[in-house]
Amino acid sequence: MKDKKRERRGKISRREFLKAGVVGLGMAAMGGLTEKAFGAPAVIKGTKLTILQGTYFIAPGQDLYKKQALEWGQANGVQVSADFLNWPDLQPKIAAAIQGGGVDIVELWPGWNYLYEKSLVDVTDMAQEFGKRGGGFEPYVLNSAPVKGRFLGIPHGYNNNSINYRISWLKEAGCPNAEDGNKVELTWDQYHAIAKKCKAAGHPFGQALGHSTGDPPGFCYPYMWAHGGMEVSKDGKSIQFNKPEFVDGMRKFIQAWKDGYDETGTSWDDSNNNRAFLSGQIASTVNASSIYFAAKKDKPELAKDIHHMLFPKGPAGRFYWLESRTFAILKNSKNIAGAKEFLKWWFQDKQYGDWWRIQEGYMLQPVKKYYNDPTWFKDPKMSPFREEPKYGINQGYAGPPNQRAALAWSKYIVVDTFAKAVQSGDAKASIEWGAEQLKRIYRV
Amino acid sequence: MGSETVKSRGGRSLRRLLDRESSLGIILMLPGALLLIIFMAYPFFLGIWLSLTDSVIGEMGDFIGFRNYTDLLGDSIFHQTARNTLIYALVTVPFKAMLGLGLAMVLSNRMRFSNPIRAAVMMPWIVPTALSTLGWFMILDPVFSPISWLLRSLGVIKQNINFLGDPILAISSVCLVNIWRGIPFFGITILAGLQAVPQELHEAAAIDGANAWHRFIHITIPTIRGVVLIAALLSIIWTFADFQLIYILTKGGPANTTHIFGTYAYQIGLSATDIGQGAAIALYMFPILAVFAILLLMYLRRD
């Protein structure tokens, strides 16, 4: 008898169906709220949902996310709290949440899906649905988000990252096509020759080499790959770090550091170069477009003089360290159903699209359909980033992205190799140190 | 009637229990002991167990004996971390002690507003470390440091000082901040010791012709020696186990030149998720701290 009642409870009566239809039509007429109010089962009503993610450099993106999450919570009777943490603090907080609980959804940086593999809920179906709707995932996403064929988080892209430079100062230093970053094609050697001239004119280049998770690895990995260095071979069985061509590339970098860079960069974190650039201290730096957005908001004259270019090429080609971030659900969450419903809703075209577009190209497209989105053509200064995914490869390349690669990344082995090199002036010894550390990590 | 008898019997036995000094002592000690067991002993033994396993975040590993400890012996970052910790803990203490002594001597003099001044000098010690270190983070900023700005304006330097980016300057800078934070503790502790020195001794020595320096060497120093020693041992223990100051200023960078046990354990255990090895790094501190703690206890017992 009870079972029958329960069965009936699960089904919707005609009266309820009509009610829902009328309410639904009314809400749709009020502004397309259908997706917000429906699709979530009543079972999650009265629950709590805690979301942990990195703080945004593009404030409107963070505000919108918070607004969306709260609206969804109100519509579904779920008490949602969205917390935004400084990037270096995010990983330890997630680790603590895995050990101690209290968090439902976390934003994972590249590689963390491998590190926390056993603590994450499999969301393959939801991720694939998002990918399918978007015309398929970009290769960099497919290369990094699935762990052994399963998605343990839904990929939402990665922030752009390339060369931000002052048009006038690079023009003075003889950079060809400096006025249009889309047309600038340089090698690392040429880029550093320009740096030397700029520093002589009082405008050095800036590069963060401290223990920070964004810009230091964002520069060091691509420079290493462009000069033939890599952490490990394709089969993951031998360390390919201490290669003569990389040692040669590092020697050039040490010289360039003295000649063309602000040498205090060894202690810079992800925000130092933003501040140095915005205050007119440096002519060029590797960063996301957040510098440009901040200038547009507060220093429009400076913004006019800023452009972006793709990374220069090295002897081995052009590379970006690019893997997707993901929104994942922790296995120890007490509200897995609610977390799934929220993510399912948030990754709908309306919500995700609004969130992606409001950041004006700061987030790179995880799915192919956004490659041709009008967002990319609004401002030609943002167009170089559109091409970035083409050159993106994973940490641990040429090996697969895995726990070992993530470990090396978390221990800042590649970044510290660069920092050691510029501090000591000894490229070979620094690379040998890095190779030794990688051998320990990869156990080869 | 029967239940009242039972109640009164129960009341009597409870009273007897409370009257007996030995049982009362145990009862009064229980809440404290319970807190110590939950918040100190349990995490400590869990840490020891974790360090003997290959546990990672989210997954309890298998017992691997002392492999985490022996692995670390071959890790050059760990060697550097151990060196940094020793420098950080041992080099800073003499400075803190000397400057603290100077501060105490100044404060021991009767002067106007001495109480508010004494309270004010405690500020570096009272203000939460995270907050005061953020202030230093701005002072030592590689691009916007007011010190660099001033020296550049005066034409003393041409480039900003790389306080936290140069290996020597970075470790010196974190030591400097640690000294700044630690001086008030020494100052106030020694001040308390100074106030215990009987004034008559000084007066008698002065009558016998001893000058201020002689009185300082032969009366003041012997009297406050114990206090200084206790403050120094406590300071070494706290500095060894420090974390916040380094984490805020450098996160162990650049190139690990400021990593100390606490920050390296955090990086390996929580960032790199190797919680077994992270625990082993933290526990390497234990024998060193234990030696200092035993020395401290021995000294206190002797007195």
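This is a predicted model: local features need pLDDT of at least 70, side-chain atom pairs count only at pLDDT 80 or more; totals for chains, interfaces and linings use all residues.
The contact between them draws 19 residues from domain 1 of chain A and 22 residues from domain 2 of chain A. On the side of domain 1 of chain A that touches domain 2 of chain A, the elements giving two or more residues are helix H5 (87-100), helix H6 (112-115) and helix H8 (139-144) of chain A. The residues on this side of domain 1 of chain A divide into 12 nonpolar, 5 polar and 2 charged.

One sheet of chain A is open and consists of 5 strands in the order E2-E1-E3-E11-E6, with mixed pairing. Strand E2 (79-85) and strand E6 (154-157) of chain A stand at its edges and have a single partner strand each, so one side of each is left without a neighbour in the sheet. From one strand to the next, the twist of this sheet averages 20 degrees. Helix H4 (residues 59-76) of chain A lies across strand E1 (48-54) and E2 of chain A, and runs at about 160 degrees to E2(A). Helix H16 (residues 336-346) of chain A lies across E1, strand E3 (105-108), E6 and E11 of chain A, in this case running at about 145 degrees to E11(A).

A further open sheet of chain A has 3 strands in the order E8-E7-E9, and its pairing is antiparallel. Here the edges are formed by strand E8 (284-287) and strand E9 (306-309) of chain A, each of which has a single partner strand, so that one side of each is left without a neighbour in the sheet. The twist in this sheet averages 30 degrees from one strand to the next. Strand E7 (residues 162-166) of chain A is joined to E8(A) by 4 bridges, the two strands running antiparallel, and Ser162(A) stands opposite Asn287(A) in E8(A). Helix H14 (residues 290-298) of chain A lies across E7, E8 and E9 of chain A, and its direction is at about 165 degrees to that of E9(A).

Between the two chains, 33 residues of chain A are in contact with 26 residues of chain B. At least two residues of the side of chain A that touches chain B are supplied by each of H5, helix H13 (272-278), helix H20 (403-410), helix H21 (413-424) and helix H22 (427-442) of chain A. The largest share of this side, 6 residues, comes from H5(A), a helix that also gives residues to the side of domain 1 of chain A that touches domain 2 of chain A. By class, the residues of the side of chain A that touches chain B divide into 12 nonpolar, 13 polar and 8 charged.

Within chain B, the axes of helix H11 (residues 212-240) and helix H14 (residues 275-302) come within 10 Å and cross at roughly 165 degrees. Angles over 145 degrees count as roughly antiparallel, and H11(B) and H14(B) are therefore roughly antiparallel to each other. The crossing in which H11(B) passes H14(B) is left-handed. Residues of H11(B) that take part in the contact include Leu229(B), Ile230(B), Leu233(B) and Phe240(B), and among those they meet on the side of H14(B) are Met285(B), Phe292(B), Leu296(B) and Tyr299(B). By class, this contact has 14 nonpolar residues, with no polar and no charged residues.

Some local backbone features are found in loops. In chain A, a cis peptide bond with omega of about 10 degrees joins Tyr397(A) and Ala398(A), and Ala398(A) is found in the loop between strand E12 (392-393) and H20 of chain A. In chain B, a cis peptide bond joins Gly253(B) and Pro254(B), with omega of about -10 degrees; Pro254(B) lies in the loop between helix H12 (244-249) and helix H13 (261-271) of chain B. Asn177(A), although it is not a glycine, has a positive phi of about 60 degrees, and is found in the loop between helix H9 (167-172) and helix H10 (188-200) of chain A.

Conventions: Residues are numbered from 1 along each chain as its sequence is written. Chains are lettered from A and ligands numbered from 1 in the order in which they are written. Axes are lines fitted to C-alpha atoms, for helices over the stretch in contact, and angles run from 0 to 180 degrees between N-to-C directions. Angles under 35 degrees count as roughly parallel, over 145 as roughly antiparallel, 65 to 115 as roughly perpendicular and the rest as oblique. A crossing is left-handed if the near helix is turned anticlockwise from the far one by less than a right angle, and right-handed if clockwise. Two residues are in contact if their C-beta atoms, placed from the backbone, lie within 7 Å. Ala, Val, Leu, Ile, Met, Phe, Trp, Tyr, Cys and Pro count as nonpolar, Asp, Glu, Lys and Arg as charged, and the others, Gly among them, as polar. Two strands pair if DSSP finds at least two bridges between them.
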